[in-house]
4 protein chains.
Amino acid sequence: MPVPTILNQAREQLARANRMIAHEGVLDAFGHVTLRHPTDPGRYLMSYSRAPELVQAEDILEFTLDSKPVKPTDIRLYGERVIHGEIYKARPDVNAVCHHHAPSILPFCISGTELKPVYHLGAALGAKAPFWDSRDEFGDTTLIVAKPEEGASLARALDQHWIVLMRRHGATVAGKTLEELMFRAIYTARNAALQSQAYTLGHVSPLTATEAELAGEYNLRPGVIARAWEYWTVRLDKAEGSYRARKAKKKPSGKRKTKARR
Amino acid sequence: MPVPTILNQAREQLARANRMIAHEGVLDAFGHVTLRHPTDPGRYLMSYSRAPELVQAEDILEFTLDSKPVKPTDIRLYGERVIHGEIYKARPDVNAVCHHHAPSILPFCISGTELKPVYHLGAALGAKAPFWDSRDEFGDTTLIVAKPEEGASLARALDQHWIVLMRRHGATVAGKTLEELMFRAIYTARNAALQSQAYTLGHVSPLTATEAELAGEYNLRPGVIARAWEYWTVRLDKAEGSYRARKAKKKPSGKRKTKARR
Amino acid sequence: MPVPTILNQAREQLARANRMIAHEGVLDAFGHVTLRHPTDPGRYLMSYSRAPELVQAEDILEFTLDSKPVKPTDIRLYGERVIHGEIYKARPDVNAVCHHHAPSILPFCISGTELKPVYHLGAALGAKAPFWDSRDEFGDTTLIVAKPEEGASLARALDQHWIVLMRRHGATVAGKTLEELMFRAIYTARNAALQSQAYTLGHVSPLTATEAELAGEYNLRPGVIARAWEYWTVRLDKAEGSYRARKAKKKPSGKRKTKARR
Amino acid sequence: MPVPTILNQAREQLARANRMIAHEGVLDAFGHVTLRHPTDPGRYLMSYSRAPELVQAEDILEFTLDSKPVKPTDIRLYGERVIHGEIYKARPDVNAVCHHHAPSILPFCISGTELKPVYHLGAALGAKAPFWDSRDEFGDTTLIVAKPEEGASLARALDQHWIVLMRRHGATVAGKTLEELMFRAIYTARNAALQSQAYTLGHVSPLTATEAELAGEYNLRPGVIARAWEYWTVRLDKAEGSYRARKAKKKPSGKRKTKARR
């Protein structure tokens with residue numbers, strides 16, 4: 001067990017957030033969740049390149065806001081680090097970022113349909129979910145946001161909002177805290193599924209701007225978020241429990257298996 | 001183990017109903033299930049504020065019909081208690097209430113489409129599922145039903161029916177018994193999913209008013225409900241079993257972890 | 001362990017078929033699977049009234065084709081036994097019957113859309129899936145097929161086909177063997193889901209009559225069915241395993257818990 | 001434990017790929033995954049006829065490119081071996097093949113809708129997903145691709161592409177490696193689901209040809225595929241773990257249960 005410093009606690013929480021958001025179906029083999037460094041706002045924390053559902057505290061590395069690893073490493077890193085670094089640069093109020101390809105959000109990114117808050121919990125998306133299209137500034141690309149200028153362009157599209165939809169790619173979500181980020185990532189995905197389904201029934205009547213603002217404030221209070229965090233925590237523990245128990249029996253030594261992957 | 005009084009048995013049943021309805025996908029981190037006090041009709045039983053899937057008997061507190069806790073407490077309570085209190089006040093025949101945001105029901109609340117019984121089990125919804133829109137009396141709000149007058153307004157919309165759809169929010173379901181409530185909450189959600197799917201095929205032909213009445217009576221008989229209750233109980237036991245077994249090994253003491261959350 | 005007579009083996013297989021079809025999502029708390037008695041064609045085997053997912057060999061009772069229990073019992077029986085008895089009477093070639101409310105089939109029953117084989121495995125439904133509407137002969141009812149004349153009417157609608165869709169209610173599926181029945185019940189449900197989804201993409205091009213006949217024959221050969229049976233068996237074992245293991249630890253005595261339910 | 005020769009390792013990997021693709025929902029009781037022999041390009045490896053989710057290394061047999069078993073056997077073999085053999089003959093660059101009936105792909109096969117890359121991960125399908133219709137050359141059939149000339153016809157339709165959609169039947173996917181195949185099989189299925197869902201929202205805007213090419217190259221690099229392979233591996237281990245642990249307790253002998261099935 002590592003020493004429970006502020007940094008180690010942050011890595012534990014971040015690893016858990018990766019696994020929880022994945023377990024709730026927002027992330028699959030790809031996507032990532034990061035956290036601004038708890039004591040140095042010029043750095044952020046991010047796993048090396050592995051599926052979010054598998055991320056453990058010891059997989060978390062430190063990066064500068066230019067998305068360079070603080071300690072040189074030959075381990076494989078995520079290709080889209082600049083999504084996170086450029087948003088942390090542009091938005092001092094943002095302390096956590098998730099980039100994902102949630103199945104309920106993608107149809108909006110593919111069709112260009114506007115995502116709107118259609119129920120009180122969906123108000124966590126904020127006033128607006130702007131679109132960013134890689135074609136506008138960069139033409140035909142891999143769609144991967146790998147260059148600093150691509151990350152900076154995405155951050156400009158995010159502007160002062162909390163989620164940006166990326167055409168034919170996915171979404172990037174921001175939060176003031178890791179807990180708020182997780183709430184927003186999961187409930188914007190739920191809202192998208194409901195909005196899609198409502199279209200098949202006919203008319204979609206979203207929240208008014210004022211309702212969205214009031215409901216957003218209400219649902220992002222610490223007590224509400226804590227209730228959801230506890231729920232997702234227990235659900236993850238249920239899913240991971242017996243697997244962890246079997247792994248623990250097999251590997252009594254504390255050696256990092258991940259080392260072998262460098 | 002607490003003494004098996006009528007009250008303690010009611011708390012056990014209510015906690016289990018919370019977890020079962022959640023396990024069947026009707027509730028997620030939010031929503032709540034309550035029960036009128038088994039010996040004092042001027043009170044009702046409700047968990048403190050936590051996700052229904054986690055609720056245990058010892059989490060259940062007593063409330064007056066004005067939705068005040070009978071014993072003062074500093075634990076965090078659900079913000080929408082008045083939904084329950086005001087319905088228990090207005091409807092002496094109601095002994096159990098569930099407020100939820102089921103994914104199959106929400107599209108009806110978003111689009112304003114009428115929910116109708118489309119198969120015999122869906123007849124559990126009763127003759128009609130009226131709508132309530134917070135805008136009608138209260139204008140722009142958080143959509144949260146937190147004030148007594150909002151709860152009373154919702155209870156008026158429920159009228160003598162058994163489910164009320166809340167625009168851009170969710171649904172509130174009532175039952176004569178906890179078992180009936182669970183059956184209705186789950187099968188109205190199933191009915192909604194089927195009705196939505198049937199629209200994509202074309203014409204929707206619902207039950208006639210007489211069919212709905214006859215099928216509703218048939219399916220709400222104790223034997224039918226008991227069969228479903230046993231089914232959902234075993235499903236919950238399967239899902240919870242190995243998790244509970246691991247928890248029991250770790251925590252030999254009977255201490256309430258929840259106390260720490262106050 | 002009961003003596004492995006032909007009858008006891010049949011009860012074991014039937015109980016397992018109930019649980020497998022339920023585990024694959026075709027049955028929920030309701031519906032039932034039955035088998036003609038292996039040595040007396042004038043009788044059939046059926047569980048007492050409980051959810052199919054819970055049915056064990058010792059729950060299986062014997063019934064005459066008039067759907068009376070061979071041994072008088074005060075245990076609660078399924079209300080729709082006549083569906084099975086009347087089909088066994090009318091169709092000597094049928095040895096197994098399943099009545100269900102599968103979520104993918106119901107939209108067809110609600111909208112009156114014709115179910116057609118849209119891929120080779122869906123050809124297990126046979127040349128045609130006729131409709132039966134309880135309103136035609138009986139007007140407004142509970143929709144429950146409880147009277148002998150209702151069962152006989154349904155059997156007439158089934159005619160020489162292998163599945164009949166019941167308007168606003170569900171479906172009844174027949175098979176020459178229990179294995180064939182299970183294959184047909186599951187793959188007609190899968191076919192329905194695919195057909196519904198294909199409509200959202202536009203034109204639906206089903207199998208020709210000859211294709212349906214050839215593919216149906218091919219897929220109902222014993223080798224094909226055995227492959228599917230093994231698959232569903234292992235899936236059920238995976239799902240039931242840890243639950244059964246825990247139950248076995250708790251209840252060392254072989255007493256039937258179900259006796260208490262009479 | 002068999003000796004870890006190249007062949008035995010290939011059989012282990014192939015068995016695991018069968019189970020992983022099945023576990024991710026692309027295969028059910030039917031379909032198959034094969035691998036070109038690692039040292040003899042004139043042979044391929046394939047399980048005997050059982051559901052892919054159950055395939056173990058010891059179930060894998062060797063076949064000539066004419067789809068005859070190298071060692072005579074009386075075990076039941078897959079009926080559609082020629083799909084694989086004829087593609088290995090026609091395409092020396094293909095080393096792995098999967099034939100499946102994924103629920104998200106079938107609606108395209110039923111409706112004749114063109115499958116297009118709608119997000120970067122879907123670019124794994126390549127420039128185009130051609131259709132093959134058994135009716136064109138063979139008229140009314142069982143739809144099963146069992147004859148060499150049917151397999152050869154399908155291989156011609158696949159041409160230099162990486163996936164071919166089979167009208168009213170399913171799809172066949174090819175890969176340069178087993179890892180690439182798995183990635184393509186799973187992400188083309190995900191892409192299909194997203195494309196279908198996007199149609200319900202309105203306009204579908206796919207990748208440009210250049211984007212598809214660039215994104216396809218990016219996502220099929222070894223590092224990206226390895227990340228997905230690790231993810232699917234752990235997910236399979238979680239799902240299989242407790243089942244395998246129980247089986248191991250029951251059967252201490254290493255005897256092949258499958259022998260009994262010949």
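# A briefing on four chains and their contacts

In this structure, 35 residues of chain B are in contact with 39 residues of chain C. Keep in mind as you read that this is a predicted model.

- The size of an interface is often given as the accessible area lost when the parts come together.
- For chain B and chain C, the buried area is about 3,500 Å², and carbon and sulfur atoms give 60% of it.
- There are 4 salt bridges across the interface of chain B and chain C.
- One of them joins the side chains of B:Lys238 and C:Glu53, at 3.4 Å from N to O.
- Polar contacts also link the two chains, with 13 residue pairs found across the interface of chain B and chain C (both residues at pLDDT 80 or more).
- On the side of chain B that touches chain C, at least two residues each come from helix H6 (178-201), H7 and helix H8 (222-250) of chain B.
- Which helix gives the most to this side of chain B? The answer is H8(B), with 13 residues.
- Sorted by class, the side of chain B that touches chain C holds 19 nonpolar, 9 polar and 7 charged residues.

**Where chain D meets chain A**

- Chain D brings 35 residues to its contact with chain A, and chain A brings 39 residues.
- Together, chain D and chain A bury about 3,500 Å², with 60% of that area on carbon and sulfur atoms.
- How many salt bridges cross the interface of chain D and chain A? There are 4.
- A salt bridge links D:Arg235 to A:Glu53, and their closest N and O atoms are 3.4 Å apart.
- As for polar contacts, 14 residue pairs are found across the interface of chain D and chain A (both residues at pLDDT 80 or more).
- Helix H6 (178-201), helix H7 (209-219) and helix H8 (222-250) of chain D are the elements that give two or more residues to the side touching chain A.
- H8(D) gives the most to that side of chain D, namely 13 residues.
- The residues on the side of chain D that touches chain A split into 19 nonpolar, 9 polar and 7 charged.

**How the chains are arranged**

- Some pairs of chains do not touch: the nearest C-alpha atoms of chain A and chain C are 10 Å apart.
- Chain B and chain D do not touch either, and their nearest C-alpha atoms are 10 Å apart.

- Which residues of H2(C) are buried? They are C:Arg81, C:Val82, C:Ile83, C:His84, C:Gly85, C:Glu86, C:Ile87 and C:Tyr88.

**A buried asparagine in chain B**

- B:Asn219 sits in helix H7 (residues 209-219) of chain B.
- Is B:Asn219 buried or exposed? With a relative accessible area of 2%, B:Asn219 is buried, because buried means under 20%.
- Leaving out residues up to four places away in sequence, B:Asn219 touches B:His120, B:Leu121, B:Phe183, B:Val224 and B:Ile225.
- B:His120 is 99 residues from B:Asn219 in sequence, yet the two are 7.9 Å apart in space, C-alpha to C-alpha.

**Two loop residues with positive phi**

- B:Arg168 is not a glycine, but it has a positive phi of about 55 degrees.
- You can find B:Arg168 in the loop between strand E6 (163-166) and strand E7 (170-175) of chain B.
- B:Arg168 counts as buried, at 4% relative accessibility.
- D:Ser67 is another residue other than glycine with a positive phi, near 65 degrees.
- In chain D, the loop between strand E3 (60-64) and helix H2 (81-90) is where D:Ser67 lies.
- D:Ser67 also counts as buried, with 3% relative accessibility.

Terms used:
Residues numbered from 1 in each chain as written. Chains lettered and ligands numbered in written order. Predicted model: local features only at pLDDT ≥ 70, side-chain atom pairs only at ≥ 80, totals over all residues. Heavy atoms only, no water. Contact = heavy atoms within 4.5 Å. Buried area = accessible area lost by both parts, 1.4 Å probe. Polar contact = N/O pair within 3.5 Å; in protein donor to acceptor, adjacent residues only side chain to side chain. Helix = DSSP H or I, 4+ residues; strand = E, 2+ residues; numbered from the N terminus. Nonpolar A, V, L, I, M, F, W, Y, C, P; charged D, E, K, R; others polar. Buried < 20%, exposed > 50% of the residue type's maximum accessible area, 1.4 Å probe, protein only.
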